[in-house]
Structures are given as structure tokens and as C-alpha cells.
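Open your viewer and keep the sequence panel beside it.

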Amino acid sequence: MLENNILNVLLTIKRIFPKLQSITLAMKAPLKVEITIGETSEKLHPISFDMENYSVVCYFGEKITEKDTLVVKNVAMYLLKFIKAVFQSMRVEAESIKVRRAVELAGALASNLRIDRLLKQIQEGICELLEAEAASILIYNEKKNILEFMVTTGEVSGRIEKIPVPMNSIAGTIFLNEKTMIFNDLEKDNRHFKGVDKASGFVTRNIVGSPIWLDGKKIGVIEVLNKEGGFDAEDAEVLETFAKLIGYKLSTLQGYEEMSRRLKSVILAIATAIDKRDRYTHMHSKNVTDYSLRIGRLLGLSQKELEELEISALLHDVGKIGIEDAILLKRGKLTDEEFARIKSHTIIGAEITKKVRFINRDIVSGILEHHEKLDGSGYPYGKKNGEIGLFGRIVAVADIFDALTTARPYKDPWPVDKVLCILKEDAGVKLDKKCVEALEKVITAK
Ligand SMILES: [Fe+2]
């Protein structure tokens, strides 16, 4: 159990720092335990941190910046503290729960969640870790010279977001002093800004807060409120470590979100260009994407999977780019040869997208397999049941629903009820039952 926790912490640290090749945790006598994750070699650059009987050595493939070293050091020291606590404390179980929470929290930092969700998760985790009642992240507004709430957790959440916090408040003091501070007796402290408590009905008794930095510039403050008996130096240290990690993560996340936004707009432009070749289906890719995402959400896909599904659905017909207008836009019956050509849009699409570095197998599945059927009657390969990827099965249902409920040159839109009946008949036979059920829920809930 304890070893698992340590392994998880080591793995998480490795995930947070992609340049980290391997990490070793050594416990000296009497324990003499050594755990290593990853491969070490003489060519790597080691950085070691010691604390009493324990040491952590991080091996990097290249020299890392001073800023990264500082963050690594913080995480390593934090890890050592916990391990020490776990071994020394009589409350082994309670401490290992703490380690687990810290790991979960650090795991959230290593994920690619959207900034707002990530911050909310971190905040809730920190609150739990420090056994406090609430936490908030405030961001500095330079123009107005105030702090504004960005994310709040606990009882006050949703009630205080619009209240500006002045710079002579506790949060302002932490921000201006640029250091982690503990305020355990707020009743006598006239810096305590009462506006927030008044609006929320919450009574703040004590606070520990730490400034958040982004690329060398202080951008805000994270505050944790109300701990029974007050906060101590260890709480301050835990919070400071996570405040640093938040800043570190924000700097990489902002780049990621910006890139993802730009990427999606390019993909949407490509998808719309394909749809526009056929004036009757100009909203098709967008509609299929909307339905697919709603199905995906009901099926419980993660945020990362939904983002991939979005790309997959937007590009599901991208292969039509390779089909001649004479066939694609032909009115009337297609010859067998022409139909075979149309069918090849799945393979052409997969070939085009496979070459893009960020497109993985799941994304390709939605493009290649959205015309496959569970009973093997689909195309291009006649794949069956489990051979068809989840994205292929989701996009298939969304694609048919949109095609039948919208107008085409050869038909009027069919009524939604009729289309749902048709899909339900095929559920479990040709189409994935869970996907059809999810679509029905989406449509009837409208
Ligand atoms: Fe298609």
C-alpha cells in the first residue's frame, strides 16, 4: 500500500516533468530501500535532494532551467516530507490518505483538463488536504488594482465571484509581500476584508495564502480558509508547493488551450469547406459533431476523449475531398463503380489524417469506421462488433441521424420520431445499442 503510494508519487512527478528521464528514491539505514522509476544512465543530468535519512535523485535528459529545478526541488521535498511522516507517525493510515490525496491532486496537474476545471479540482483537493473549509484563487486586475475571484470552493462558491477585493486586504497583503503567509487570528486583524463574509454569510476565522506566479510575474493568490485550530508551517509549505505547481501548470496549459483553440478553428474550416462542396449538407459535419459530443458525454467520456471525439467527428467525411464532383454531386442512382468510389472516402480520410502527429487511433476510428456496421454489412472493411472502435460507433449513429433528419436533393427531412424508430430497430444489430440509447436521450431531452 505504502509502496504503491510512493510509486504513484514518483510516476506523477515523472509525468509532470516530461524532461525527467528517471527518478530514484533512496531511504538509508535502517530501511535501506531504493525505488527507481525509468532508466538511469551516466549521460543523464542528476539533481539530488536530501533530507535526513532519505534522498531523491532526479535524472534529466538535458540541463534544466533554474525555474524548473526549483519546482522539482519543491515536489521532491514535499515527497520526502510525506514519506518521513508516513514512516514516523503513529497515524500511518491517516498519513497515507494524505499521500493519496496529494497524488490525486498532482495527477490532476499532470492532466490536460481545461483551466477552469483543473483549478477547481486543485482547489477542492487542497482544501481536503489541509482539512480546511474553503479555498479561492484570486487573480490580480492591474487596471483596477484589485484582486478578483477566479475560482471558489466550499460554501461561498457562486456567491462572491463578483466582489472586488482591495489590495489592503489579507489577500492583497500576501500578493504584495510575495510570500506565503498565515493569519490565524482574523478577529483582531483589521486587514481582513469583511465584504466577502458579509455577502456570503461565511465567517472567515483563519487563512493561509500563497502568491501564484506565471513566467516570473505574480498573477494572483491562492487562499485556504478555516482550519480547526489554525494553520501551521507545514500547511503553509504544502500550499506553497501547490501554488508553484499551479503557476507552472498554467504556463503550459495556456499554451495548450490556445493551440487547441486554433487547431479546432482550422479543423472546423476544413470540415466546412468539405460540406460546402455539397450545398445541401453544409451543416452536416458541425451537426454530426454536436450529436457525437452529446452521446460521448452521456457515455461518460473524459474531457480529453471528448476533445478527440470532436476532432474525429468534424473530420469524419474529410476523405470526400478526394472524390470527384461528378460522383459526389451526382443526382440519381450511382453505378456500382461510383458507389465504390464514394465508399473510399473513409479510407482516403484515414490516410490523410493518419499523417498528422496529434491524431491518434481513436480519432482515425471515427473517420475510417463510421460506415461500418456491427453485423459486418458496412464498409469499407465489413468489420464486426468489437472490431469497430468507439468513435466509429458514435459517429455512425450521429451521422445517420443527421443525414435522415435533414433535407437532401433526393428527399425531404424525415420526422425525428420516425428516424429514432429506425435507429432503434438497428440498435444492437447494426448500430451500437448504447450509442443509440444515448442519442435518443439527447434528442428527447431537447
Ligand atoms: Fe461518411
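## Stop 1: Met-51

Select Met-51: it is buried, with a relative accessible area of 16%. Buried means under 20% relative accessible area, exposed over 50%, and partly exposed in between, using a 1.4 Å probe and protein chains only. Met-51 sits in strand β3, residues 45-51. Helices (H or I, at least four residues) and strands (E, at least two) are DSSP runs, numbered from the N terminus.

Met-51 and Ala-76 are 25 residues apart along the chain, and their C-alpha atoms are separated by 9.9 Å.

A word on the model. It is predicted: local features need pLDDT of at least 70, side-chain atom pairs count only at pLDDT 80 or more, and totals for chains, interfaces and linings use all residues. Residues are numbered from 1 along each chain as its sequence is written, and side-chain values use heavy atoms, leaving out hydrogens and water.

## Stop 2: the whole chain

Zoom out. The chain has 16 helices and nine strands. How much of the chain do buried residues make up? They account for 50% of its 446 residues.

Next, think about contacts, meaning heavy atoms within 4.5 Å. Take those between residues at least 6 apart in sequence: 60% join residues at least 24 apart.

## Stop 3: α12 and α13

Select residues 345-354, helix α12, and residues 361-368, helix α13. Their axes come within 8 Å and cross at roughly 155 degrees. That angle makes α12 roughly antiparallel to α13. Axes are lines fitted to C-alpha atoms, for helices over the stretch in contact, and angles run from 0 to 180 degrees between N-to-C directions. Under 35 degrees counts as roughly parallel, over 145 as roughly antiparallel, 65 to 115 as roughly perpendicular, and the rest as oblique.

Show the side chains. From α12, Thr-346, Ile-347, Gly-349, Ala-350, Thr-353 and Lys-354 meet Val-364, Ile-367 and Leu-368 of α13. By class, this contact of α12 with α13 has five nonpolar, three polar and one charged residues. Nonpolar covers Ala, Val, Leu, Ile, Met, Phe, Trp, Tyr, Cys and Pro; charged covers Asp, Glu, Lys and Arg; the others, Gly among them, are polar.

## Stop 4: α14 and α16

Finally, select α14 (residues 390-405) and α16 (residues 433-444). Which way do they cross? Their axes come within 9 Å, at roughly 45 degrees, so α14 and α16 are oblique to each other. Arg-393, Ile-394, Val-397 and Phe-401 of α14 touch Cys-435, Val-436, Leu-439 and Ile-443 of α16. The contact of α14 with α16 divides into seven nonpolar, no polar and one charged residues.
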